[in-house]
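Subject: Structure for your review

Dear colleague,

Please find the structure below, followed by a short account of what was found in it.

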Amino acid sequence: MTFRRLLAAVCLYGASALLPTFAQDRTLTGVVQALETRLPLPYVNIGIRGKNTGTVADENGAFSLRVPAARTGDTLTFSAVGYEEQAWPLAQLEDRHLQPLLLTQKTTTLAEVVVRAKAAKVRRIGTTTHNPFLWGNVVSKDTHDIGEFATLLSLGNKASQLVQAHIFLRRPTVDTVTFRLNFYRVSHGLPGERAVEQSILLRTAIQNGWLTIDLTKYALTLQNDFYLGFEFLPEKQGAIPAFSYGAQFGGAVVVRTSSLGIWKRESGASLAAYVTVWQ
């Protein structure tokens, strides 16, 4: 996923090569469930860290992953919001047959209540404009993998309650999409661990223009700088992208094209995305 200049236009393009085909490639299937309830866990991120080989479980917790022969000795990681991350050697998973893979719910503490001496101010933080000649497409390797764009947002070390998230979408070719919003701590200039352990899934109709996502019901309060990620969960892979992300000159955006894959930083443009907060 790199910048491409076409005359006066710049594209953040998410195309990625298909995985190579080996005679010994294997397809791993399974179901992910919550240990406490034995209920399916939807949209779990599944992948070999740092190798850009991954997938996402469907709404019923089921997944299918083609593993190249060169990766069969690696470890597969399962990551879900609100649950402890779990990793299993691929060889061990092949021996589990039809047994479900169980994730343990995280123990989280309640957010600290912020008491303000004066009325909170509404602020917009991020990139609030877009350039019509600048956009980004996300194309996943396969039907059930993800594409994710993220933008760095600075709260100025002020306790902030997140009210809304906004993202500019261009040229939609479908009526409805599913997003997951992710909030990451900053680690070495890139998204690191999750800063918010709440699953924020949104299935919404889209059109050309700003998409506004209400965050008030999640009671999110952050203070440090963070990355806001927009994770597109495709229902099927088409030759034409479902939509394009808007962007603006200046700054940087980070992208990845596989679950638990490598984040790449692209300088020169920023994602047309921002949050509305109370400070």
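**The cavity and its surroundings**

A search of the whole structure finds one cavity of 30 Å³ or more. A cavity is a set of points, on a 1 Å grid over the protein atoms alone, where a 1.4 Å probe fits but cannot get out; lining residues have an atom within 4 Å of a point. Its volume is the space filled by probe spheres set on the points, which are joined across faces, edges and corners.

This is a predicted model, in which local features need pLDDT of at least 70 and side-chain atom pairs count only at pLDDT 80 or more, while totals for chains, interfaces and linings use all residues. Residues are numbered from 1 along each chain as its sequence is written, and side-chain values use heavy atoms, with hydrogens and water left out.

The largest cavity holds about 30 Å³ of space. Its lining consists of V81, L181, N182, F183, R194, V196 and Q198. Strand β14 (residues 176-187) gives the largest share of that lining, three residues; strands are DSSP runs of E, at least two residues, numbered from the N terminus.

R194, one of the lining residues, belongs to strand β15 (residues 190-194). R194 is buried but forms no salt bridge, and E197, the nearest side chain of opposite charge, is 4.9 Å away. Buried means under 20% relative accessible area with a 1.4 Å probe, protein chains only; a salt bridge needs a side-chain nitrogen of Lys or Arg within 4 Å of a carboxyl oxygen of Asp or Glu. Arg counts as positive and Glu as negative.

Yours sincerely

Terms used
Helix = DSSP H or I, 4+ residues; strand = E, 2+ residues; numbered from the N terminus. Buried < 20%, exposed > 50% of the residue type's maximum accessible area, 1.4 Å probe, protein only. 1 Å grid on protein atoms, 1.4 Å probe; cavity = no way out; pocket = protein on both sides within 12 Å on 5 of 7 lines; lining within 4 Å.
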